[in-house]
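This briefing is meant to be read alongside the sequence and the model.

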Amino acid sequence: MSNAATTTSPISTSSSGCVHRWTQTLIPTTRDAPSDAETPSHIFMVRAGYIRSVGSGIYTYLPLAWRALRKISEIVREEMDAAGASELLMPTLEPIELYKDTKRDVDYGDLLFKLEDRHGRIAALGPTHEEVITDLMCSSLTSYKQFPLNLYQIQTKFRDEFRPRAGLLRCREFIMKDAYSFHLELEGDAGLNDTYDKMYQAYTNIFTRCGLDFSAVEAEAGPIGGSASHEFMVNCVSGEDTILYCPSSGYAANVEKAEIGERSWSFDGAPGSDLTKHHTPKMPGIELVAEHLGTTASGMLKTIVMRTVEDTPRWVLAVVRGDHDVNEGKVRDAVGCAVEMAPEGEARKAGFAIGYVSPRMGYVAENSLVLIDPDAAGGTWATGADENDYHVTGWHWSRDSELVDSRLEETGVSEDGLVRIVSIRNAVAGDPSPRAEGSVLEERRGIEVGHIFKLGSKYSDAMGLSVLDRDQKKRSVIMGCYGIGVSRTLAACVEMAHDENGIVMPLAIAPYHVQIVVIKPEGDGVMDHVDALSKELSSNGFDVLVDDRSERPGPKFKDADLIGIPLRIIVSPKTIEAGEVEFKRRSDEGKAVLVSRGEILNTCLDAAKSL
RNA sequence: CAGGGCGUAGCUCAGCUUGGUAGAGCGUGUGGUUUGGGACCACAAGGUCGCAGGUUCGAAUCCUGUCGCCCUGACCA
């Protein structure tokens with residue numbers, strides 16, 4: 001936290017907060033959850049009057065959500081500015097021509113919202129802004145003396161997701177902070193690595209200040225492209241992403257990226273039984289087949305037919321144990337070029353009985369690479385029979401395929417180099433740690449709220465962004481990019497911090513710091529008393545929400561729990577008379593405690609420090 | 001996009017199988033009794049049953065089409 005822009009409490013000490021009355025804003029809480037919400041953050045944000053659905057993956061941010069989003073944005077701004085970045089704002093509308101050079105009009109594909117203007121020109125609603133900013137830099141970056149440069153914006157992004165889901169967690173329209181940095185070198189003060197590290201630290205500061213329980217993990221770079229990349233994950237059992245981590249070394253990575261420690265393999269050993277063919281029609285899923293064959297998924301070999309993305313594609317057979325999943329990134333790295341799932345039609349034409357393929361096909365089909373995961377190498381297995389609706393049991397590597405030669409047995413690479421033993425599967429809990437011998441990986445779930453990438457020169461090369469260096473040599477500009485899902489961060493926060501009664505907002509991003517629940521607001525002088533209290537709090541930096549509705553106490557307490565304002569003061573005619581108020585944190589289990597009117601400000605200030 | 005489910009009052013849902021004048025609870029408005037964890041009584045407002053065709057004397061209900069929404073999967077902030 002030493003580099004944080006501010007290290008003080010989330011309450012502003014320099015400026016005063018606001019006082020808003022419930023009856024003068026819009027907080028439409030409901031008793032029932034909408035029938036189409038299933039995720040806690042979705043249910044509670046709708047019930048608590050934070051958001052309302054407008055269409056699939058499209059939401060209105062009601063006042064409470066918008067206040068929280070503004071607070072998140074402000075923290076993002078402070079930390080980005082402190083880390084040397086400057087804010088700008090690029091357009092949402094991006095001419096499709098911008099995407100031609102980087103081919104992302106194709107690569108981004110259906111994710112891109114496109115629209116046509118009255119002249120027939122096509123524009124995209126920006127899903128991200130690498131192209132726009134690189135184009136801008138082509139004309140405004142003119143000298144090596146300008147580096148490093150780091151620019152960011154906070155803006156609504158559009159992605160035509162296959163399936164929007166879970167309220168604000170996956171939207172078609174969402175708020176994102178995206179930053180782009182420019183360099184001539186990797187190393188040194190002006191280099192990409194330095195800015196990347198600064199962004200890593202800034203993100204750590206941001207999510208810490210937001211009050212989130214998160215992990216920074218190694219990640220796949222994905223379609224944005226580039227080399228190194230880290231994701232920031234909110235730790236949460238309901239998260240979509242799987243993180244693997246090693247408790248002893250601190251290594252943590254997305255399952256897409258996680259490495260696995262050394263595993264031994266051997267082709268020694270005689271076949272366990274004879275090769276037997278079994279009729280296995282209409283059995284979707286490897287578990288069903290395994291059960292029918294009297295084994296389990298871990299007793300089977302799974303052969304995934306892929307092919308390289310080249311001018312003359314080659315087949316790639318990825319062989320893993322039946323209970324494991326092939327990792328496309330690892331296959332790509334092993335092959336040395338991009339790979340894709342083989343189109344089923346073409347694979348069938350080439351003789352692959354899709355769904356019933358055995359590793360043997362690597363020998364039968366010409367020009368094939370066979371990649372064998374260490375856990376699948378050696379031994380006797382059940383696998384496909386290379387014939388529709390048939391599997392075999394008792395399949396033995398040396399006896400039943402022509403793939404194994406002595407070189408493969410010794411070195412893991414066959415004589416012709418076409419068969420290799422290499423780690424190509426997703427890591428799972430219990431796998432050996434890649435960083436600490438004797439330790440095993442553990443698993444937890446997370447929600448991705450931030451992602452930083454070292455892009456390298458992918459975009460600058462594609463779009464011709466270069467400058468002259470000190471030696472008057474033309475050099476490609478090196479880039480980094482850094483994203484935060486601002487609206488998703490809010491949802492992830494609710495996902496992480498709620499109980500059965502509603503949201504439990506962290507102080508730093510709560511719409512208000514203090515909620516004053518007024519019992520009998522119509523009572524004599526009650527609101528005068530509340531006004532004085534509100535003013536005292538707000539002039540000390542607290543944002544105050546006054547529930548001045550003439551409701552009975554029950555609904556007011558229920559609503560207070562729902563919307564999750566961290567500090568609660570209860571004012572009633574009874575306590576006013578006694579010169580007291582009641583105080584309670586949203587996170588407190590028990591009843592409110594009585595505090596004298598003169599002490600309540602200090603009570604709140606103390607609570608703000610400890611939250 | 002594939003598979004599954006759902007569209008009836010502001011919200012949650014019943015009614016549909018077996019066609020016959022549109023229902024409940026919550027919420028809302030008014031009046032009254034209440035007032036510390038979603039009070040009670042009375043009255044009232046509120047729906048061309050997603051939309052378009054068809055069958056029928058008659059359709060929320062049966063048939064066809066269409067649009068929208070949710071869930072499961074491949075993608076991602």
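**Briefing on chain A**

Leu212 is placed in the loop between α5 (192-209) and β10 (214-218), where helices (H or I, at least four residues) and strands (E, at least two) are DSSP runs, numbered from the N terminus. The model is a predicted one, in which local features need pLDDT of at least 70 and side-chain atom pairs count only at pLDDT 80 or more, while totals for chains, interfaces and linings use all residues. Residues are numbered from 1 along each chain as its sequence is written, chains are lettered from A and ligands numbered from 1 in the order in which they are written, and side-chain values use heavy atoms, with hydrogens and water left out.

- Leu212 counts as buried because its relative accessibility is 7%; buried means under 20% relative accessible area, exposed over 50%, and partly exposed in between (1.4 Å probe, protein chains only).
- Leaving aside residues up to four places away in sequence, Leu212 touches Phe207, Val234, Thr489, Cys493 and Met496, a contact being heavy atoms within 4.5 Å.
- From C-alpha to C-alpha, Leu212 lies 44 Å from Val289, and the two are 77 residues apart in sequence.
- Helix α13 (residues 486-496) has nine of its 11 residues buried, so it is largely enclosed by the rest of the structure.
- The buried residues of α13 are Val486, Ser487, Thr489, Leu490, Ala491, Ala492, Cys493, Val494 and Glu495, and of these Thr489 and Cys493 are named among the contacts of Leu212.

- Strand β25 (residues 478-485) is mostly covered, with eight of its eight residues buried.
- In a regular strand the side chains alternate between the two faces of the sheet.
- Both faces of β25 are covered, with Ile478, Gly480, Tyr482 and Ile484 buried on one side and Met479, Cys481, Gly483 and Gly485 buried on the other.
- Strand β9 (residues 173-183) runs antiparallel to β25 and is joined to it by eight bridges, two strands being paired if DSSP finds at least two bridges between them.
- Within the pairing of β9 and β25, Lys177 stands opposite Ile484 in β25.
- Strand β22 (residues 442-456) also pairs with β25, in the antiparallel sense and over six bridges, and Phe453 stands opposite Cys481 in β25.

**Strand β8**

- Strand β8 (residues 149-158) is largely enclosed by the rest of the structure, because eight of its 10 residues are buried.
- Strand β4 (residues 86-87) pairs with β8 in the parallel sense over two bridges, and Glu87 stands opposite Tyr152 in β8.
- β8 is joined to β9 by 10 bridges, the two strands running antiparallel, and here Tyr152 stands opposite Ala179 in β9.

- Ala377 is placed in the loop between β18 (368-372) and β19 (380-387), and its relative accessible area of 8% is why it counts as buried.
- Not counting residues up to four places away in sequence, Ala377 touches Trp265, Ser266, Phe267, Ile372, Trp397 and Ile421.
- The C-alpha atoms of Ala377 and Thr280 are separated by 24 Å, the two residues being 97 apart along the chain.
- Six of the eight residues of β19 are buried, so this strand is largely enclosed by the rest of the structure.
- β19 pairs with strand β20 (residues 390-396) in the antiparallel sense over five bridges, with His396 in β20 as the bridge partner of Thr380.
- The two strands form a hairpin with two residues between them, and Asp389 in the turn has a positive phi of about 70°.

**Chain A as a whole**

- The secondary structure of chain A comes to 17 helices and 32 strands, and its C-alpha trace spans about 95 × 65 × 55 Å along the principal axes.
- Of the 611 residues in chain A, 52% are buried.
- Among contacts in chain A with a separation of 6 or more, 70% are between residues 24 or more positions apart.
- The domain assignment, whose bounds come from an automatic or database source, gives domain 1 (31-258 + 445-495), domain 2 (276-421) and domain 3 (512-610).
- The centres of domain 2 and domain 3, taken over C-alpha atoms, are separated by 66 Å.
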